[in-house]
Amino acid sequence: TGWTWDRDINFISAQKVGSAVTLCYMGVSAAAELYACRATSTDGISFTKPNLGLISYVVDANSNISWRARAPRIGFLDDATEAPTYLGVGETVSGGGDDGVYLYSSSDGIAWTLIKTLYSGPLDGNYREGRAITRLADGRYVVYYVGGQLTDRRSPGYFVSLTSDPTGSWTNIGFVIDAKSAGEQRYSFEASKVGDAFIALAGRFVRSTEQIDNVELLTSRDCGTWKTIDAQWFAIGSSGAWDDEMIIPASPPIEVGNDWYFYYTGFGANHAAGLPRNALIGAATLPKGRIASIGTAGTVRLKPITTGAADTLTVNCNASGGSLKVELLDEQNNVIYGYSRDDCDAITTDTYSTAVT
């Protein structure tokens, strides 16, 4: 309330750390200073802003600020298998003239250290702003950005590390989506690894209305070649709603119970409006894992798997309006004797983990 350090909110990122959901969000003060702030939740809905005692706002250090002085937005990756445990990407370290793509590390997800500058330059037609970070199966890292690419053609692109060392050499691969006009711009591109695939949410920016009016859902197997699954996955709210002008998604998805939460910032004012923009944080939800479906009837063949010592196959599906049967194929795609769909007991329930028999 009032003009605190987080009177306004811009970009956010979300991460599941243990059983808690952590939001890192960019708080905006009265003087348009940017602060990286932190909030946590056990149920994904009610969030608490911890008193970190790290950064003073004016003279009071009782705040949830983890970074100060026009701080970066940290889109962080939990990597508990290695040190540092957390890696993050920000778009600015002091604002204005050093807009860019900056890589940070942290041992606790709270205190961050700048470890790599992937791009730094003026906010002109060729600028780049860091957005998200994820990792490939071979251990290399991928950092996404949104680039100016001349006037009114914001497009998402990415850097990839040459090794598993984030402080080593990186290559700018270029744009993954090329905006052809001012109406096709992507203001944000948030990507994360889900199983063996990657999911991304892209916010569409329309210059004529100064709105980020729509979130697009995309998938990829390699982080570079993206396929649009739904060009309008969710959009701004109806007129008069708290999010009726702009929506900026965070890194997807966060598992809470049997749901996936996709957090986003909603605005009651467009991009051209001055501060404050009446920004709030909301969520769109989906039953976990249910990103695809079969209509009246059909067959899905999954990617090859190695079962190892596993003796049970479980499925996540809503078959309450029909039925699901499973069959197993060998490496030549021949049905394994005794494990055909005719041998399978039909599943006819809405279940997140039922054993196939």
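Q: In which loop is Leu-328 found?
A: Leu-328 sits in the loop between β21 and β22. Strands are DSSP runs of E with at least two residues, helices are H or I runs of at least four, and both are numbered from the N terminus. This is a predicted model, in which local features need pLDDT of at least 70 and side-chain atom pairs pLDDT 80 or more, while totals for chains, interfaces and linings use all residues. Residues are numbered from 1 along each chain as its sequence is written, and side-chain values use heavy atoms, without hydrogens and water.

Q: Is Leu-328 buried, exposed or partly exposed?
A: Buried means under 20% relative accessible area, exposed over 50%, and partly exposed in between (1.4 Å probe, protein chains only). Leu-328 is partly exposed, at 34%.

Q: Which residues are linked in a network of salt bridges?
A: Asp-152, Arg-207 and Glu-210 are. Arg-207 meets Glu-210 at 2.5 Å, N to O. Arg-207 is partly exposed at 28%, whereas Glu-210 is buried at 16%. Elsewhere, Lys-180 bridges to Asp-178 at 3.4 Å. There Lys-180 is exposed at 61%, and Asp-178 is partly exposed at 32%.

Q: How many residues has the largest nonpolar core?
A: In soluble globular proteins, nonpolar side chains tend to be buried together. A core links buried Ala, Val, Leu, Ile, Met, Phe, Trp, Tyr and Cys through side-chain atoms within 4.5 Å. The largest has 29 residues, and Ile-65, Ile-254 and Tyr-263 have the most contacts inside it. Among the elements giving two or more residues are β1 (8–17), β2 (20–28) and β19 (259–267). The top contributor is β2, with five residues. Ile-254 touches residues including Ala-14, Val-21, Trp-260 and Tyr-263 (contact is heavy atoms within 4.5 Å). A second, separate core of 15 residues includes Leu-136, Tyr-144, Val-176 and Phe-189.

Q: Which residues of β10 lie on one side and which on the other?
A: In a regular strand the side chains alternate between the two faces of the sheet. In β10, Tyr-141, Val-143, Tyr-145 and Gly-147 lie on one side, with Val-142, Tyr-144 and Val-146 on the other, all buried.

Q: Which strand do seven bridges join to β10?
A: Pairing needs at least two DSSP bridges. Strand β9 (residues 128–135) runs antiparallel to β10, with seven bridges. Gly-130 partners Tyr-145. Five residues separate the two strands of this hairpin, and Gly-139 in the turn has a positive phi of about 95 degrees. β10 also pairs with β11 (residues 155–161), antiparallel over six bridges. There Val-142 stands opposite Val-160.

Definitions and conventions: A salt bridge is a side-chain nitrogen of Lys or Arg within 4 Å of a carboxyl oxygen of Asp or Glu. Lists of a residue's contacts leave out its neighbours within four places in sequence.
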